[in-house]
Amino acid sequence: MDYGKIIASLPYILECEQMEVPERFAGKVSLYKICYESDGCRVMGYISIPLDFDGELPAIIYNRGGNRDFGALQPAAVCRYAAYGAVCLGSQYRGNMGGTGLEQFGGDDVNDVIRLIDIGLSIPFSVKSGIYMIGHSRGGMMTYRACAIDDRIKAAVVGAGMSDCFIMYESREDEMKQVFHELVGGGPDDKYDKFVFRSATYWADKIKPPMLLCQGTNDWRVVPEQTYKMYEKLKTAGKDVELIIYEGAEHDLRPTSFGDDAVKWLCKHKL
């Protein structure tokens, strides 16, 4: 089956190029670099597909961390989850890695994640009843926003994820504060509403799907307080949520069982 031709023909796909698969996934998955349309922007990303499967595949949207070119989505991230037996799609978000438009660090660029849901569900061999979502770090913020507005997400996992921009701003160094000033437009005092918009702890009751939250105790980039607070907010709101704490783990959650834990938990929520 010519997966590249299939991907190139999907709605919203502007360009598709087959890429070399990272060595540890060779013979397990195929990999494609894509350019797709979102709000009139050209957005870059990747799609990875298992080489050997029968029937329909679940689709997983993986949301990267970082901002702009820092923490750019790496091919191995989507290949990793495709190797478990899913179609995995990921975005660089608008304005990054050759894309057009302006990144907003959890603003309108969340639409770039929603567009991947449209694309994932349009793949002929994907399960059509919904998708899964995984987000890490800033990708957690994107995941929370998407899970508050799109009921096609049937289960989601957030690892070391941003859930409270006020805590993020106060707990980080000046360089991180500058990211907020450049991409959000200011700090929490002068851009209070924009900080709330990006802080899921303020609207945990809006989250739709079951959530798994994973957090390392030695994380200084996204301090554990954010995840613990989000977990309590979700529990208070009566949401289906579980928490896994990795003692001693840092922000990247390596070497932990995060990937295995995420997929195992998603599989408990059948599409």
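This is a predicted model: local features need pLDDT of at least 70, side-chain atom pairs count only at pLDDT 80 or more; totals for chains, interfaces and linings use all residues.
Visitor: What makes strand S2 and strand S3 a pair?

Guide: Strands S2 (residues 29–38) and S3 (residues 41–50) run antiparallel, with 10 bridges joining them. Two strands pair if DSSP finds at least two bridges between them, so with 10 bridges these two count as a pair. A strand is a DSSP run of E with at least two residues, a helix is a run of H or I with at least four, and both are numbered from the N terminus.

Residues are numbered from 1 along each chain as its sequence is written, and side-chain values use heavy atoms, leaving out hydrogens and water.

Visitor: Why are S1 and S9 called edge strands?

Guide: The open sheet has nine strands in the order S1-S2-S3-S5-S4-S6-S7-S8-S9, with mixed pairing. Strand S1 (13–19) and strand S9 (241–246) each pair on one side only, and that's what makes them the edges.

Visitor: What makes the contact between Asp118 and Arg152 a salt bridge?

Guide: The rule asks for a side-chain nitrogen of Lys or Arg within 4 Å of a carboxyl oxygen of Asp or Glu. Here the closest N and O atoms are 2.7 Å apart, so the pair passes. It links distant parts of the chain: Asp118 sits in helix H3 and Arg152 in the loop between H4 and S7, 34 residues apart. By this rule, the count comes to 15 salt bridges.

Visitor: Which classes make up the lining of the largest pocket?

Guide: It has 16 nonpolar, nine polar and 11 charged residues. Nonpolar means Ala, Val, Leu, Ile, Met, Phe, Trp, Tyr, Cys and Pro; charged means Asp, Glu, Lys and Arg; the others, Gly among them, are polar. H2 gives the largest share of the lining, four residues.

Visitor: What makes Arg68 and its phi stand out?

Guide: Most residues other than glycine have a negative phi, and most peptide bonds are trans. Arg68 is not a glycine, yet its phi is positive, about 55°. You'll find Arg68 in the loop between S4 and H2.

Visitor: Which peptide bond is cis?

Guide: The one from Arg254 to Pro255, with omega near -5°. Pro255 lies in the loop between S9 and helix H9 (258–267).
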